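Hello,

Here is the structure you were expecting. My notes on it follow below.

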Amino acid sequence: MNDDHRPDPDALLAAIRRDESRSKRGRLKVFLGMAAGVGKTYAMLQAAHERKTEGVDVVVGYVETHKRAETEALLAGLEIVPRQTLDYRETTLEEMNLDAVLARQPALALVDELAHTNVPGTRHVKRYQDVVELLEAGIDVYTTVNVQHFESRADTVRQITGVAVQERLPDSVLDLADEVELIDLSPQDLRKRLAEGKVYTPDKADAAAQNFFRVGNLTALREMALRLTAERVDHQLQDYMQVKRISGPWRSAERLMVAVGPSPYAESLIRWTRRMAYNLEAPWLAAYIKTSAGLSPQAEKQLAANLTLARSLGGEVVTTAGDDITEALVHLARQRNVTQMVVGKTQHPWLRNLLRGGSPTERLVRAAGDIDVAVVSGDAADSRPQPARAVLPIPQRHSTWRQYALAVLVVAVVTILDLLALPWLGYVAVGLTELFAVLLVAVYIGRGPALLAAFVSALSWNFLFIEPRLTFEISRTQDIFLLMLYFLIALFAGNLTARLKQQEQQARYNSERSLALYHLAHDAARAVDMDDVVRVAAGQIGEAFDAEVGVWLAVGSGRLSRDPHPGSTLTLDDREYPVALWAFDHSRPTGRDTDTLPLSRGRFYPLRTTGATVGVLGIHLRQDDGLSFEQGLLLETFVAQIALAVERELLDQAAERAAMVAESERLYTTLLNSISHELRTPITALSGIANTLAAPDSALNDDARRGLASDMQDAAARLNRLVENLLDMSRLDSGRLEVKRDWCDPCDLLGSAAGRLKQRLNGRPLTIACAPYLPLVAVDFVLIEQALVNLIDNACAYTPTGAPIRLGARLEPGTLALSVEDDGPGIPSDELARIFGKFYRIAGTAAGGTGLGLSIVEGIVSAHGGTVAAENAPGAGARFTIRLPLTGTPPQAKESDL
Amino acid sequence: MIDVPRILIIDDEIQIRRFLRFALEASDYRVYEADNGHEGLLSAAKIRPDLILLDLGLSDMTGHEVLSALREWTRTPIIILSVRDSDQDKVAALDGGADDYLTKPFSTDELLARIRAAMRHAQPEPDEPVLIFGTVQIDLARRLVTRSGEAVKLTPTEYALLKLMARHAGRVLTHQQILREVWGAEYLNETHYLRVYFAQLRHKLEDNPTLPSLLITEPGVGYRLHVD
């Protein structure tokens with residue numbers, strides 16, 4: 001209860017959302033009438049003309065004049081979008097051309113008869129869905145509807161008029177309306193119009209007046225229409241009061257729950273609950289308790305229809321499992337804070353009720369405690385008789401003739417044994433052994449065979465064993481009683497077995513289902529990239545449903561890729577792709593078994609994440625005879641799982657991108673700092689020396705000049721090294737590095753690298769230790785030489801002038817190891833792992849160097865599939881080892897040449 | 001007294017041309033300059049230089065175009081100036097008729113050594129029966145190779161290889177050129193022959209085979225027999 005007078009935040013949010021979506025959406029005006037002929041279309045056209053004179057761009061999407069002259073006259077002067085014609089069962093029917101209206105983009109479209117059901121083959125099942133699409137496209141819509149078409153009134157209308165309403169409309173459609181205009185006419189006036197032939201042609205008018213258009217009916221319908229409008233006005237007022245903080249009669253937080261089963265009566269329960277919830281302004285749930293007893297295909301269908309109805313009326317569908325329906329319902333109600341439960345009045349055999357401690361309703365009322373329980377009398381929407389449910393459920397699987405034969409065989413064997421054993425046992429004990437045979441058959445084979453076994457046993461026992469033998473005469477009461485026991489035991493034990501089997505089946509199904517979900521979740525969690533996720537989805541769903549599965553992901557902002565993501569097993573032709581696109585654009589399931597484009601071959605589910613729709617999952621069942629409620633539920637769970645995985649993958653990608661941006665920012669900063677320092681130092685030296693040389697009165701002696709010249713050379717060499725390093729790095733980074741493998745002599749590599757650095761080495765002792773008989777290796781000579789040059793250069797930089805450097809080449813299993821070793825201070829052990837990082841320099845080392853040399857080495861070596869490692873050699877300085885895999889056998893030079 | 005050798009520099013960088021002019025004039029060469037390919041071709045025809053230094057990166061046409069245009073009518077030695085990255089350019093230029101190449105940046109000493117080597121080959125070969133490279137002597141007439149006075153046993157292929165390198169001493173020879181000369185045109189892809197034979201030659205002729213001073217590898221391009 002809201003004690004204070006603050007607006008309820010939830011209500012406020014809902015109202016704001018409504019306002020927001022309305023500002024983008026077109027406005028809907030509904031002309032509501034109590035029956036045909038009150039002049040809804042006429043009023044709508046009049047209003048349209050008024051708007052047109054105001055300068056509004058009005059088109060007629062669909063208007064049915066029913067050949068009424070006054071109405072037809074009003075159509076004149078309005079632009080009419082041509083209808084589309086559809087061939088349906090050898091006749092040609094006309095429907096509103098939704099796409100043409102959407103393409104025309106008028107400000108206001110007139111769409112008559114909101115409750116109309118479209119011809120199969122159009123995009124939507126119902127015309128109101130067309131209207132919703134128009135509204136979503138920002139087009140205002142005027143429409144007409146009669147009160148009898150609203151779902152929540154359908155039962156009442158049928159009760160009053162005796163006519164079942166075929167074309168029904170969810171009440172929620174009325175909630176979309178921004179304005180509802182009631183076209184009111186007194187029943188007498190309407191009948192007068194009918195008599196004047198203004199509604200129907202005279203021949204039809206008479207019949208109509210006799211049936212539907214009776215004063216009583218019309219009065220009731222009129223009241224209903226007035227009430228519907230009044231309820232709406234009431235709601236609008238309350239919305240207004242809540243938003244504007246006007247203190248008003250705040251409603252308590254009621255929450256309703258209706259128990260729904262696979263019965264046609266449930267429909268009226270659902271409507272009743274919806275009406276009730278609407279009046280209470282309460283949310284409501286439809287609960288289905290799944291028991292271990294299986295459902296017939298027909299019941300499955302009815303259940304799915306019931307739950308769909310609940311959903312279309314705005315209820316939340318909740319399913320839970322439990323064999324004690326009462327207990328499960330109460331548990332669910334408590335869990336969801338339900339204040340009122342709605343159940344149907346059920347007829348159960350008194351015996352069963354007695355055994356279970358009262359009828360289910362009685363037990364529910366007792367268990368519900370403070371939750372109100374409303375018991376509503378069931379009233380089937382159609383007269384189709386509910387298949388009588390046996391006291392004990394009939395097992396779904398029927399026994400085969402083999403099982404019957406086996407049952408008879410068992411009885412026959414036992415009877416033969418009994419014949420042999422009769423002298424010792426006596427006929428009563430024999431009777432008990434036969435009973436045991438019946439029990440065995442009941443437990444291990446089934447109820448039907450058990451009954452047959454009971455029958456055969458009874459006959460054989462009577463005929464063969466009971467005195468007088470070889471007759472069917474029977475006299476003793478206890479024998480008769482025993483015979484009856486045969487059948488009772490067969491029945492009960494058989495039923496017990498049947499139920500156990502069913503439970504086992506259900507348990508197996510449940511475990512299969514959870515296993516499938518587990519596999520999906522598990523595999524999706526392990527997927528390393530989007531392709532993997534899609535492959536997992538296609539694989540798991542494909543297997544579970546025997547189907548082809550495709551996933552289409554959003555590309556850029558709000559566009560769906562035309563091609564399925566790699567890993568999909570389903571591709572779409574140009575006719576079916578728009579179905580997937582619709583599912584994506586409107587974020588609603590589309591295709592077969594849905595309200596939109598139900599004639600398409602596949603089903604398409606939007607992959608919804610918290611933020612947006614990220615794609616569509618499409619599925620083609622190889623044998624499509626519809627999905628059961630269970631399967632639909634499972635598929636939806638799968639889709640939700642996949643959407644989660646896709647979202648996770650997208651988040652991963654985004655995080656990766658962010659990390660890459662951060663890393664490149666860091667590198668960029670380091671690069672700038674490092675490069676600018678490395679560039680400026682030699683440039684400063686060069687320009688300084690040049691100034692000194694250029695000074696007019698310089699009294700430089702030869703030694704000084706030579707010294708300066710050597711400094712200039714050093715500065716230039718340093719600049720050159722930097723430029724080469726940068727070029728190498730950029731080639732490595734851009735991926736343009738091409739490894740041109742050729743057979744190379746490892747010793748030649750070391751010698752060539754050392755030769756290139758002759759100047760840099762400046763007389764340092766350098767030794768090359770080449771193991772004998774090294775094979776040729778297939779590497780890029782230039783690149784590996786460069787890597788070695790960098791390593792030697794690095795050793796020069798970190799050791800004192802004159803310190804020795806040792807190069808080595810030797811074979812290790814499967815690899816060639818090239819090493820560069822110095823006698824310097826070595827590398828701090830905690831930095832060993834990081835020195836190959838770009839721009840990484842050991843803190844406190846001498847100036848000069850960009851921190852690029854080693855990462856270039858790493859890049860070159862890994863491009864060859866090799867590794868480079870740094871270590872501190874025992875008793876020496878740092879040792880770098882390049883390990884290159886030995887691939888292929890080097891070709892042999894021809895003997896004759898040697 | 002023969003004429004002062006004339007050298008034509010075709011390079012579009014004025015700083016490079018000026019530096020080359022200083023260095024070459026100090027070594028008694030007469031220097032001519034051209035700052036683009038067309039001018040270079042015209043000057044070459046007019047001046048008839050004894051050697052051309054050609055930069056591969058020109059503004060109006062590629063160095064390769066200039067090279068092939070020159071090679072249509074002259075056998076004047078041409079030394080290519082290029083940067084390190086373009087091994088393929090170098091090889092193409094060498095295979096297309098250039099005599100040698102220099103990688104920028106290069107030292108003046110290196111430049112002069114290359115010029116001397118290229119010019120030597122341009123002159124009609126004097127019938128010199130014995131070639132001497134440090135401790136190594138090659139007696140072409142007697143097909144005899146000695147190292148520090150001791151005879152070195154070479155296989156026929158090794159000898160052919162050494163003779164080729166010695167005839168072009170100081171100049172780079174590309175893998176393809178060597179393979180064609182020593183083994184024949186059908187062996188152009190068998191570069192591993194070179195690795196094996198150069199290793200063998202180094203073992204037989206070099207003081208320190210792992211750090212050769214005579215038979216030098218030019219990474220990605222070929223080999224050079226080094227002369228001081």
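B:Glu25 is partly exposed, at 38% relative accessible area. The cut-offs are these: buried is under 20%, exposed is over 50%, and partly exposed lies in between, with a 1.4 Å probe and protein chains only. The model is predicted, so local features need pLDDT of at least 70 and side-chain atom pairs count only at pLDDT 80 or more, while totals for chains, interfaces and linings use all residues. Residues are numbered from 1 along each chain as its sequence is written, chains are lettered from A and ligands numbered from 1 in the order in which they are written, and side-chain values use heavy atoms, with hydrogens and water left out.

**Within chain B**

B:Glu25 pairs with B:Arg21 in a salt bridge, 2.8 Å from N to O. The term needs a side-chain nitrogen of Lys or Arg within 4 Å of a carboxyl oxygen of Asp or Glu. B:Arg21 is also partly exposed, at 26%. Helices here are DSSP runs of H or I with at least four residues, strands are runs of E with at least two, and both are numbered from the N terminus. An α-helix has 3.6 residues a turn, so residues three or four places apart point the same way.

B:Arg17 forms a salt bridge with B:Glu33, with the closest N and O atoms 2.8 Å apart. B:Arg17 lies in helix α1 (residues 14-26) and B:Glu33 in strand β2 (residues 30-34) of chain B, so the pair ties together parts 16 residues apart in sequence. B:Arg17 is buried, at 8%. B:Glu33 is partly exposed, at 27%.

Helix α5 of chain B (residues 108-122) has 15 residues. The buried residues of α5(B) are B:Leu111, B:Leu112, B:Arg114, B:Ile115, B:Ala117, B:Ala118 and B:Met119.

**Within chain A**

Over all chains, the structure holds 48 salt bridges. One of them joins A:Asp184 and A:Arg222, at 2.9 Å between the closest N and O atoms. This pair links distant parts of the chain, 38 residues apart: A:Asp184 sits in the loop between β8 (179-183) and α8 (187-195), and A:Arg222 in helix α10 (residues 215-243) of chain A. A:Asp184 is partly exposed, at 36%. A:Arg222 is partly exposed, at 25%.

A network of salt bridges links A:Arg806, A:Glu821, A:Asp823, A:Glu871 and A:Arg879.

**Between the chains**

Chain A gives 31 residues to the contact and chain B gives 24. Contact means heavy atoms within 4.5 Å. The two chains bury about 2300 Å² between them, 51% of it on carbon and sulfur atoms. Buried area is the accessible area (1.4 Å probe) that two parts lose on being put together, summed over both.

How many salt bridges cross the interface of chain A and chain B? The rule finds 1. A:Asp748 and B:Arg202 meet in a salt bridge at 2.9 Å, N to O.

On the side of chain A that touches chain B, the elements giving two or more residues are α23 (702-734), β19 (742-744), α24 (746-756), β20 (766-770) and α26 (781-798). α24(A) gives the most, with 7 residues.

Best wishes

Key: The expected span of a helix is 1.5 Å times one less than its number of residues.
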